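Dear colleague,

Here is the structure you asked for.

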Amino acid sequence: MAGRGRDPELPAFDIDALVGDASIGIIVCCGAGGVGKTTTAAALGLRAAEAGRRVVVLTIDPARRLAQSLGLTELDNTPRPVVGVDESTGGSLDAMMLDMKRTFDDVVEAHAAPDKAAQILANPFYQAVSSSFAGTQEYMAMEKLGQLRAEADRTGIWDLIVVDTPPSRSALDFLDAPKRLGSFLDGRFIRLLSAPAKAGGRAYLKVFTAGVSLATNTIGKILGGQMLADVQTFVAALDTMFGGFRERADVTYALLKEDSTAFVVVAAPERDALREAAYFVDRLAREGMPLAGLVVNRVQRLAAVTLGGGKAIDAAEQLEAVSPEARLTIGMLQLHGELAETAERQGARVQRFATGHPGTPIREVPAEATDIHDLDGLRAIGAALGG
């Protein structure tokens with residue numbers, strides 16, 4: 001296994017078969033933060049488009065260089081064509097970056113009368129919730145997914161939606177967000193916020209603060225009686241919308257369970273990232289959601305696979321003892337030894353994941369020497385994903 005990583009007999013993840021399957025309408029790339037989800041989603045979208053699919057990629061806060069490679073120079077909540085895609089096969093690629101607050105505002109404007117929507121949008125409590133409440137970004141990613149799917153069904157403009165899930169601390173946040181935001185909007189909490197101030201004055205403020213301090217940590221610096229007034233105004237204005245939030249969350253959650261959806265779990269060959277991936281794979285199984293496979297990014301590959309790390313380091317030490325002036329050769333042997341040991345560690349980690357999740361298809365993507373900053377770079381990642 002030295003320098004080669006995963007056992008070649010383990011099931012390989014056929015990415016090209018996935019993106020070429022016309023019955024698949026949604027691909028969700030999920031995993032812990034910092035493992036290359038956005039790059040994977042963009043590369044999948046590009047490869048699918050150049051294979052003949054009509055694709056829209058929903059990215060979440062991508063790196064500037066990657067955004068530029070997709071022609072997205074600024075945050076934009078509207079899908080726009082990516083320039084430079086080979087459309088000779090009949091495919092196309094649109095891309096967008098999620099604007100969390102704009103999506104929340106769109107929901108308010110679509111599901112409230114104009115005067116009530118204006119009242120909600122101007123409310124300081126709403127502005128705090130829509131910008132920073134825990135789980136809002138994940139929930140709005142699901143809202144936007146629902147919107148894109150509805151537009152695709154209505155117009156036929158896209159036949160594949162690729163979703164890059166938010167860079168959360170936990171990969172499970174994406175699936176948990178609707179439930180968490182729904183809990184924030186559930187009847188018990190709403191009754192607490194909208195309850196008349198029976199005790200009045202400071203006594204009521206003390207009870208209120210004790211009861212909802214956890215939920216109001218993200219509100220910022222809105223304090224005292226003004227905060228209470230803003231909260232009560234917000235709750236009164238949104239009263240007719242709470243059911244809609246929960247309804248849409250349920251619809252999108254059900255959409256994720258359909259056979260036309262495929263989850264691609266993304267990880268790096270590190271212990272924590274693979275542990276997070278394992279949690280997510282297990283959760284998908286429990287929820288009955290369709291897992292396509294695991295992508296392991298940034299895997300170390302070696303040119304001389306037959307020279308193990310230990311042998312290379314031993315050879316460097318022996319050469320240094322008899323010919324210390326051969327610094328270049330000694331350095332190259334030492335570097336190869338370090339890279340080989342890294343490859344061996346990574347291979348062992350992926351093997352442990354595979355042993356714990358037999359039957360889960362896996363595709364390893366070699367580490368790139370430079371950042372991905374253009375379509376050619378994304379094509380190279382797509383080629384690696386395609387094997």
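A salt bridge here requires a side-chain nitrogen of Lys or Arg within 4 Å of a carboxyl oxygen of Asp or Glu. Please keep in mind that this is a predicted model.

Lys 37 is in helix α2, which covers residues 37-49. Lys 37 is buried and has no salt bridge. What the side chain of Lys 37 does reach is the backbone oxygen of Gly 31, at 3.2 Å. Beyond its neighbours within four places in sequence, Lys 37 is in contact with several residues, among them Cys 29, Cys 30, Thr 165, Pro 166 and Val 266.

On the aromatic side, the structure holds 2 pairs. Phe 104 counts as buried at 4% relative accessibility, and Tyr 126 counts as buried at 0%.

The rings of Phe 263 and Phe 280 also pair: their centres are 6.3 Å apart and their planes stand at 50°, so the pair is tilted. It links strand β6 (residues 261-267), which holds Phe 263, to helix α13 (residues 271-287), which holds Phe 280; the two residues are 17 apart. Phe 263 is buried, with a relative accessible area of 0%, and Phe 280 is buried at 0% relative accessibility.

Regards

Definitions and conventions. Residues numbered from 1 in each chain as written. Predicted model: local features only at pLDDT ≥ 70, side-chain atom pairs only at ≥ 80, totals over all residues. Heavy atoms only, no water. Helix = DSSP H or I, 4+ residues; strand = E, 2+ residues; numbered from the N terminus. Buried < 20%, exposed > 50% of the residue type's maximum accessible area, 1.4 Å probe, protein only. Lys, Arg positive; Asp, Glu negative; His and termini not counted. Polar contact = N/O pair within 3.5 Å; in protein donor to acceptor, adjacent residues only side chain to side chain. Contact = heavy atoms within 4.5 Å. Phe/Tyr/Trp six-rings, centres within 6.5 Å; stacked < 30°, edge-to-face > 60°.
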